[in-house]
Each structure stands twice: as C-alpha cells, then as structure tokens.
Amino acid sequence: MNGARTLATAARVLRQLRHDPRTLALLLLVPCVLLVLLRYVFDSDPQVFDGIGASLLGIFPLITMFLVTSIATLRERTSGTLERLLAMPLGKGDLIAGYALAFGLLAVVQSALATGLALWFLGLDVVGSPWLLLLVALLDALLGTALGLFVSAFAATEFQAVQFMPAVIFPQLLLCGLFTPRDQMAPALEALSNVLPMSYAVDGMNQVLRHPHLTADFVRDVLVVAGSAVLVLALGAATLRRRTA
C-alpha cells in the first residue's frame, strides 16, 4: 500500500460524492429522519425509545453505509473506472483503503449527526459517556462500509447489490437482540447470533446505555466490531478483480 495513492483515491471518491446530493442525503439525513420518526412513534412512552434508540444508533448507520458503498463501488466497476484504475500503478489495497477512508470520513459526520440528534434533541437517556456511544456508531458505520465494499465484488448490477441486503443485513438485524434478548432465542439461533458482528454492535450500545463506566464487555464488543471491519476489508481487497461487468 502507498499512502499518497490511498489519499488520492479517497479524494477522488469524495469529489464524486460532493456532486451527488441524493447519496449525501441518504448517508447523512436519512438516519436522522428515521430516529426522529421513531422517537415520535413512541411519544407516549419515552422509555421505549430509550430502550431501543441506542441500538438503532448503531444499526441505521451500518445499513445506510452498506447500501451506499456497495452501489457506489459497483458503479465504478460497471462503468470501467475500476479497471482503468487497476491498470495504473495502484494496488488493490490502495483502492480499498481509499474507498474505506472516504466513506469513513462520511461515517464520522453521519455518526456525529445521529448521535448528537438522539442525545440532545430527542432526549435519549444514556448512563454512559456520549463519546463511547459515538465510537460504537462510528465503528458500525465503518463495518457497513466494509461489508458494502465486499459484497460489491459479487454483484453484476446495482439491483443485485441491493438484493444482498436480505442475505447480509436482515439476518443480523433479526438476531442482534433488538427484538428479543439473544439469550432467550433458540440455542441454534443464539449460537449464530454470537458470530454476527451486528450483535456486538447492539451489545456495545446497550453497555453505554446501562453502565456509567467502561466495562470489559464494552471493550470486547468494540474489538469484535472493529476486527470484523478490518477482516471484511481484507476480504474485499482479496476479491477485487480487474473485470468490468
């Protein structure tokens, strides 16, 4: 990997996104709108929002970053841009790291907006530090970016990229503990949930929600989410091919 090439790739992606207001709106505004909608759905019982709002702070960024990253990367592939880039002295690691850096910067903004909105405008009540909440939200967004980069290698069209959501995201959403505690699931489902990164994202948010200080479980959750993102990025670099659709 070359740092200058990675930064150049990230700058190019950010320039392209700057001229795509719909994508920026999806990345930055949609999670905030969904949080506001959820808050007022449970307007008569704010404690319900307190119970699930922190979890959704991690889930919404992961989903939106997965969707946008997979489609944006596939667009580069099908337009021939990816093949032209790889014909230059640009390694696969440089390309993947550049995309991850560009979308990671957007993930910082997205996570900060959503967390700030939930805490200071929607009244989300958390016992722990807001900075820890922001950290988990950011790692979740980076994980969504990594998953999007990875699955884009297996899609031929943007529609196929969207079709990966039921296979990659929905099972994690159902098993992450948002709807029912994981230890109350069937043993097979609980075992499966224990290897899915979104489960640790939700657990990390709940640790901040319930504990005033840093806990060992929180550290474990953060390391698992971060490690999963790094692993998926490495797999994305390994599956990157010089081939237009």
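Asp217 and Arg220 sit three residues apart, about one turn, in helix H12 (residues 216-239) of this predicted model; here helices are DSSP runs (H or I) of at least four residues, strands (E) of at least two, both numbered from the N terminus. The two residues form a salt bridge whose closest N and O atoms are 3.9 Å apart, a salt bridge being a side-chain nitrogen of Lys or Arg within 4 Å of a carboxyl oxygen of Asp or Glu. Side chains of opposite charge can pair when their charged atoms come close. Asp217 is partly exposed, at 38% relative accessible area, and Arg220 is partly exposed too, at 37%. For these labels, buried means under 20% relative accessible area, exposed over 50% and partly exposed in between, with a 1.4 Å probe and protein chains only.

Arg220 also reaches Asp221, with a salt bridge of 2.7 Å from N to O. Asp221 is buried, with a relative accessible area of 1%. Through shared partners, the salt bridges join Asp217, Arg220 and Asp221 into one network. Elsewhere, Arg39 and Asp43 meet through their side chains in a salt bridge of 3.2 Å, N to O. Arg39 counts as buried at a relative accessible area of 15%, while Asp43 is partly exposed at 41%. By the distance rule, the count of salt bridges comes to four.

Residues are numbered from 1 along each chain as its sequence is written, and side-chain values use heavy atoms, with hydrogens and water left out. As the model is predicted, local features need pLDDT of at least 70 and side-chain atom pairs count only at pLDDT 80 or more, whereas totals for chains, interfaces and linings use all residues.

Turning to helix packing, helix H7 (residues 130-151) and helix H11 (residues 197-210) pack at about 170°, their axes 9 Å apart. That angle makes H7 roughly antiparallel to H11. Axes are lines fitted to C-alpha atoms, for helices over the stretch in contact, and angles between N-to-C directions run from 0 to 180 degrees. Angles under 35 degrees count as roughly parallel, over 145 as roughly antiparallel, 65 to 115 as roughly perpendicular, and the rest as oblique. On the H7 side, Leu132, Leu133, Val136, Ala137, Asp140 and Leu143 meet Pro197, Ala201, Gly204, Met205 and Val208 of H11, contact meaning heavy atoms within 4.5 Å.

Helix H2 (residues 21-28) and helix H3 (residues 30-41) cross at roughly 40°, and their axes come within 4 Å. H2 is therefore oblique to H3. Here Ala25, Leu26, Leu27 and Leu28 from H2 meet Val30, Pro31 and Cys32 from H3.

Phe66, in helix H4 (residues 46-78), is buried, with a relative accessible area of 0%. Leaving aside residues up to four places away in sequence, Phe66 touches Gly144, Thr145, Leu147, Gly148, Val151, Phe164, Met165, Val168 and Ile169. With Gly148, the sequence separation is 82 residues, yet the C-alpha atoms are 4.3 Å apart.

At the surface, Leu7, Leu101 and Leu105 form a nonpolar patch with about 270 Å² of accessible area together. Patches take residues with over 30% relative accessible area and no salt bridge, joining like charges within 9 Å and nonpolar side chains (Val, Leu, Ile, Met, Phe, Trp, Tyr) within 5 Å. Accessible areas follow the Shrake-Rupley method with a 1.4 Å probe; for residues, only the protein chains shown count as cover. Leu105, found in helix H6 (residues 92-120), is partly exposed at 45% relative accessible area.
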